[in-house]
Structure formats: C-alpha cells, structure tokens
Amino acid sequence: VRDGTVEKVIQETTERWHPEAMYFCPVEGKRGMFMVVDFTDASDIPVFSEPLYQRLSAELNFIPVMNGEELSKAFGRLAEQ
C-alpha cells in the first residue's frame, strides 16, 4: 500500500476490465475487494487473475452469477429438456 502498488494494480485492473461495481472491506482479517466483472469467455479468468496473483499475491474466489434475463433463458432451456 505504501509504495502505491496496490492502488496502481487496482487502477490498471479497472481500466482494463471496466467492472460494473467494486466494493472494499475487510475479509477474514485481510484487505478485501469485491468486483463485479462480466467475463464473456471463461478464458478471461486467468488473464484477469494473473496480474493480481503475481503483483499482489492476491487470493481470488470466483462466483458465477446471472442476471434475470439469463435466468429466464435458462428456464426456457430447461423446459426444452
């Protein structure tokens, strides 16, 4: 934090991935950040993750979610089965 690395990495990440939302809070006694990012392809995950692993030694968890439109689409596909 003191040398500006954390701020720089977060700024670079937001400029590249344009998150829909970002929240900062403590998580299990450590610095935490929740970032909502729309990955259009699963291969984006390692590209997103690697700078955070390498430059911040970050621990990352990914939680796949869907919006209402995607949920409706899923229901339609389930009904077809």
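The following legends describe close-up views of a predicted model.

**Figure 1. Packing of helix α1 against helix α2.** Helix α1 spans residues 5-17 and helix α2 spans residues 44-56; their axes come within 10 Å and cross at roughly 170 degrees. Because of this crossing angle, α1 is roughly antiparallel to α2. On the α1 side, the contact is formed by Thr5, Val6, Lys8, Val9, Glu12, Thr13, Arg16 and Trp17. Their counterparts in α2 are Asp44, Val47, Phe48, Leu52, Arg55 and Leu56. Sorted by class, the residues of this contact are 7 nonpolar, 2 polar and 5 charged.

Figure 2. Valine 9 is part of helix α1. With a relative accessible area of 2%, valine 9 counts as buried, because the limit for that class is under 20%. Apart from residues up to four places away in sequence, valine 9 touches Leu52, Arg55 and Leu56. Leucine 71, by contrast, is 62 residues from valine 9 in sequence and 33 Å from it in space, C-alpha to C-alpha.

Figure 3. Serine 49 belongs to helix α2 and is buried, its relative accessible area being 2%. When neighbours within four places in sequence are set aside, serine 49 is in contact with Leu60 and Phe62.

**Figure 4. The aromatic pair of tryptophan 17 and phenylalanine 48.** The whole structure contains 5 aromatic pairs. Tryptophan 17 and phenylalanine 48 are both buried.

**Figure 5. The aromatic pair of phenylalanine 39 and phenylalanine 62.** The rings of phenylalanine 39 and phenylalanine 62 form a tilted pair, 6.2 Å centre to centre, with 55 degrees between the planes. This pair links distant parts of the chain, 23 residues apart: phenylalanine 39 sits in the loop between β2 (30-36) and α2, and phenylalanine 62 in the loop between α2 and α3 (68-80). Phenylalanine 39 is partly exposed, with a relative accessible area of 22%. Phenylalanine 62 is also partly exposed, with a relative accessible area of 36%.

**Figure 6. The aromatic cluster.** Trp17, Phe39, Phe48 and Phe62 are joined into a cluster by ring pairs.

Terms used
Residues are numbered from 1 along each chain as its sequence is written. This is a predicted model: local features need pLDDT of at least 70, side-chain atom pairs count only at pLDDT 80 or more; totals for chains, interfaces and linings use all residues. Side-chain values use heavy atoms; hydrogens and water are left out. Axes are lines fitted to C-alpha atoms, for helices over the stretch in contact, and angles run from 0 to 180 degrees between N-to-C directions. Helices (H or I, at least four residues) and strands (E, at least two) are DSSP runs, numbered from the N terminus. Angles under 35 degrees count as roughly parallel, over 145 as roughly antiparallel, 65 to 115 as roughly perpendicular and the rest as oblique. Contact means heavy atoms within 4.5 Å. Ala, Val, Leu, Ile, Met, Phe, Trp, Tyr, Cys and Pro count as nonpolar, Asp, Glu, Lys and Arg as charged, and the others, Gly among them, as polar. Buried means under 20% relative accessible area, exposed over 50%, partly exposed in between (1.4 Å probe, protein chains only). Rings of Phe, Tyr and Trp (its six-membered ring) pair if their centres lie within 6.5 Å; planes under 30 degrees apart count as stacked, over 60 as edge-to-face and the rest as tilted.
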